[in-house]
Amino acid sequence: MSGIHVSTKINGDAVEYVCDVEETLLDVLRDKLGMTGSKEGCASGDCGACSVTVDGRLTCSCLMLGAEAQGREIGTIEGIAKGTELHPVQQKILDNAALQCGVCTPGFVVAAKALLEKKPDPTETEVRYWLAGNLCRCTGYDKIIRAVMDAAAEMRGN
Amino acid sequence: MARNPDADNAPVKKEIESPTSKYDAEKASSFKVVGSRPARPDGMDKVTGRARFGADMVMPGQLVGLILRSPHPHAVIKSIDSSEAEALSGVKAVVTRDDFAPNDDHADVLYNIMAREKALYEGHAVAAVAATSRPVARKALKLIKIDYDILPHVTDVDEAMSPNAPVLHDDIITKGVNPAPTKPSNVVARSEFGHGDIDAGFAQADEIIERSFKTAATHQGYIEPHACVANVGADGMSELWCCTQGHFHVRQVCASLLGIDVSRLRVTASEIGGGFGGKTTVFIEPVALALSRKAGRPVKIAMTRDEVFKASGPTASSSMNVKIGVTKDGRITAGYGEFRYQGGAFAGAPADFGAMSAFACYALDNVKTEAYDVVTNRPKGAAYRAPGAPMSVYAVESVVDELAARIGMDPIDLRLKNAAKEGARSSYGPKFGSCGLVETLEAAKAHPHYSASLGPNQGRGIASGFWFNFGGETCSNLNINADGTVTIAVGTPDIGGSRASMCIMAAEELGIPYDKVRAIVADTSALGYNDTTEGSRVTFSSGMAVIKASQQAVTEMCKRAAMMWDIPAEAVTWEDGCAKPSGPNAGDFEPLSLAEIAATAGKTGGPIAGHHEYNADGAGVSFGTHIVDTEVDPETGKVDIIRYTVIQDAGKAIHPDYVEGQFQGGAAQGIGWALNEEYIYGDDGKLQNAGFLDYRMPVASDLPMIDTVIVEVPNPGHPYGVRGVGETGIVPPLAAIANGVSAAAGVRMTELPMSPPRVLKAIDDAKVAAE
């Protein structure tokens, strides 16, 4: 099997890798680059645990081939905190105890951040529909929704 | 109570039989840290992606393990030829049934993790390969030739019980039936619970309602698929990394299946991405170890979601009859239920727990329940949050709701009139100790939700629920570090924030700030045996072990202070994190803080530690009451949850955020079970919806906020009054929602899930019947 050479940018850093044609971006992130913050919950785009951004757009990395990252800018959970400074979504998830097992949390962080960049003042219903592509089985979503609303308020300076 | 489905004769625990500890009311009146809501110690890692779950581990030189699974629901495996796969370049090992010796202690588990004479369900493992890459491993699976002799199959519980059903196991002769049957069948066991005379009780009733109910099998639905990395050395020294609720149990079973000493296998529990009972057993772990042993290299196996649905351990489907009699003034005179559960291809459907918990919310003079544990050609069930109780309680609470309407009584008043309380004999045997059902019902009645107005097509449902709770074998260590910080090692994997609770309890006992304490889940070689994280036992029993270990360390620190002051140890007390002379006669010394004592420990006798190991009893039963408003679209049959309130007795909430989280999570799973989730089998015996798109769990836009009320009726068997809270939350929702939907639709719903086509049909059938 011949590999495909890919040049891309991940969390602002130039990255090169060789991947098989059948490998997803999630496979590449996890298995080739050791970036295991993105999780595989279903490999079918239903759970959102592998959420990343591609040129700023929220994407399930399990639904995209590694080869398709060529020339794109990929954002993953590993790039969201700046050193020890958490993004407001991350901080509010902690403050609201909006996680139990935490395996869905990276996907929610990536998805919620993408929402707030697009719409800084979402209603609860808008948050619920935006995050409908991210499954959480532990929390019943209550505290997650509250955390995202809190983060939105903080980012607006309220 | 918890039952590991792998354990044959799981203990039936009686509450307050001999509690390990007693409630300390004085201590509980002056908590400083308990009841606060600090950030959890593993939180930072989880919001940044640093936390390592089952599939996140990489060992040097690791191979990829894949499992070949039966496409047939029931077939004799005549032969397996793996020679071509073994010859493929890059393949380092192939294992089949021939690589596992028969094992009397774990016969069903062994049969389940690798099929022996027959494949018993679609997805049953028949072979496994370890290869240098995934593509090579995939190719190898295709080269393994299996010769199957396909047999007739059965997946429905009632069909499996019929005399003409295909029989899965020649050696299952129904237990608990007199005289014993002479022929094998799919009915593993019949069991019976209750007391009094139900015929006499029904004779006293003014109203009697009898109904049949069905519920579909559901999956725990944890987002993290099972994953592990096994590494077996040439000398047999082995390590296993896996996501599990019970790494000690994994060690015990795997060591037995592989024929190695327990001491040679070290199991580390990774962060766990949900379990809800589904990760209390082994599936891939022994296979990865066998592959690693054969290949001489580490092997990682991670299930796909399809494998999780087809080959892990969903919960039972059920078919039930319930009959309840009541007087006009609301006294329940008799209750009867028959509960038939299928638990997949092996014994262990939690029908007995269903029968035991069905009427547990009521103090009855006459009650009888019968349980049937039935096998079918489905994956072997595992525990799922309060295993067996949600279904049977759904049936009972539906009939109670209907009776309340029949006699014109408020459904909460009917429950209050018959509620289980301290001293009452439970429907499953023992007498109840102090418990909080009445308090949850009273809180429900007083809650604004209960009196809020409803819109068109809306209906309100309420239901109560019960779970036994469990204590079990527990061992924890606590080390006082030289800088005055404290490290706790527990042996119970943290599935929902329990490390935070452990730190809170240690900080409370030691009198130091929460952030000076760190808790870890230690591996199997670092601690004595711990029972699995199940049965709502962790905050209760690991927490109590941490409290006792803290007290032991305090005693030692007082001794060290006495040594430093040169006074008798009895003359030193511990207060606010400091050793102090116990009175004027003890001498005049400045208090010594934990940090000061720790800093000089080397000069006063060496490191300071506490530990505690015991078999925890006195877990304290748990009750809850849920209120739900539903709205039914009469044109499509779709049900929306408009408002939801969970009220549950926590005994004492150590970290209220995570108590609320358990309530909310249980309710959300119950909503999925009530409205959408089901294992759908075709006539071919194959699962038709093995993925999250077609097995529809609730998403954020399906749910409202879930309000919670924490009731605190202290558990007399715990120093802080703690009761487990993990499981009860999933017990009432099925019934509460069914009661709400029945009220909204104007027709009694007797089958779950209440998916749109089923609700629409019930509405249409009722219209036809009315015409």
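Which backbone nitrogen lies 3.3 Å from a polar atom of the side chain of B:Tyr341? It is the backbone nitrogen of B:Ser392. This is a predicted model, in which local features need pLDDT of at least 70 and side-chain atom pairs count only at pLDDT 80 or more, whereas totals for chains, interfaces and linings use all residues. Residues are numbered from 1 along each chain as its sequence is written, chains are lettered from A and ligands numbered from 1 in the order in which they are written, and side-chain values use heavy atoms, with hydrogens and water left out.

- B:Tyr341 belongs to strand E14 of chain B; helices (H or I, at least four residues) and strands (E, at least two) are DSSP runs, numbered from the N terminus.
- B:Tyr341 is buried, at 0% relative accessibility; buried means under 20% relative accessible area, exposed over 50%, and partly exposed in between (1.4 Å probe, protein chains only).
- A polar atom of the B:Tyr341 side chain also lies 2.7 Å from the backbone oxygen of B:Gly388.

**Strand E15 of chain B and its neighbours**

- Strand E15 of chain B (residues 367–374) is largely enclosed by the rest of the structure, because seven of its eight residues are buried.
- Strand E7 (residues 187–195) of chain B pairs with E15(B) in the antiparallel sense over eight bridges; two strands pair if DSSP finds at least two bridges between them.
- Within E15(B), B:Lys368 stands opposite B:Gly194.
- Strand E14 (residues 332–342) of chain B runs parallel to E15(B), and eight bridges join the two.
- B:Thr369 in E15(B) is the bridge partner of B:Gly337.
- From E14(B) the chain passes through helix H11 (residues 351–357) of chain B to E15(B) in a right-handed β-α-β crossover; right-handed means that, with the strands pointing away from the viewer, the path from the first strand over the helix to the second runs clockwise.

**Helix H12 of chain B**

- B:Ser398 is located in helix H12 (residues 389–407) of chain B.
- With a relative accessibility of 0%, B:Ser398 is buried.
- Leaving aside residues up to four places away in sequence, B:Ser398 is in contact (heavy atoms within 4.5 Å) with B:Phe213, B:Val393, B:Ala738, B:Asn739 and B:Arg748.
- B:Glu402 and B:Arg211 form a salt bridge, their closest N and O atoms being 2.7 Å apart; a salt bridge is a side-chain nitrogen of Lys or Arg within 4 Å of a carboxyl oxygen of Asp or Glu.
- This pair ties together parts that are 191 residues apart in sequence, because B:Glu402 lies in helix H12 of chain B and B:Arg211 in strand E8 (residues 207–215) of chain B.
- B:Glu402 is buried at 15% relative accessibility, whereas B:Arg211 is partly exposed at 28%.
- B:Glu402 also meets B:Arg748 in a salt bridge, at 3.7 Å from N to O.
- B:Arg748 is buried, with a relative accessible area of 16%.

**Other salt bridges**

- Over all chains, the count comes to 56 salt bridges.
- B:Arg758 forms a salt bridge with B:Glu751, with 3.7 Å between the closest N and O atoms.
- B:Arg758 is partly exposed at 24% relative accessible area, and B:Glu751 is partly exposed at 32%.
- Salt bridges that share partners join B:Arg40, B:Asp42, B:Lys46, B:Glu271, B:Asp494 and B:Arg499 into one network.

**Interface of chain A and chain B**

- In this interface, 45 residues of chain A are in contact with 52 residues of chain B.
- The two chains bury about 3,900 Å² between them, 58% of it on carbon and sulfur atoms; buried area is the accessible area (1.4 Å probe) that two parts lose on being put together, summed over both.
- Five salt bridges are found across the interface of chain A and chain B.
- A:Arg137 and B:Glu677 meet through their side chains in a salt bridge, at 2.7 Å from N to O.
- Between chain A and chain B, 21 residue pairs (both at pLDDT 80 or more) are in polar contact; a polar contact is a pair of N or O atoms within 3.5 Å, where within protein one must be able to donate a hydrogen and the other to accept it, and residues adjacent in sequence count only if both atoms are side-chain atoms.
- On the side of chain A that touches chain B, the elements giving two or more residues are helix H2 (88–95), helix H3 (105–118), helix H4 (124–130) and helix H5 (142–155) of chain A.
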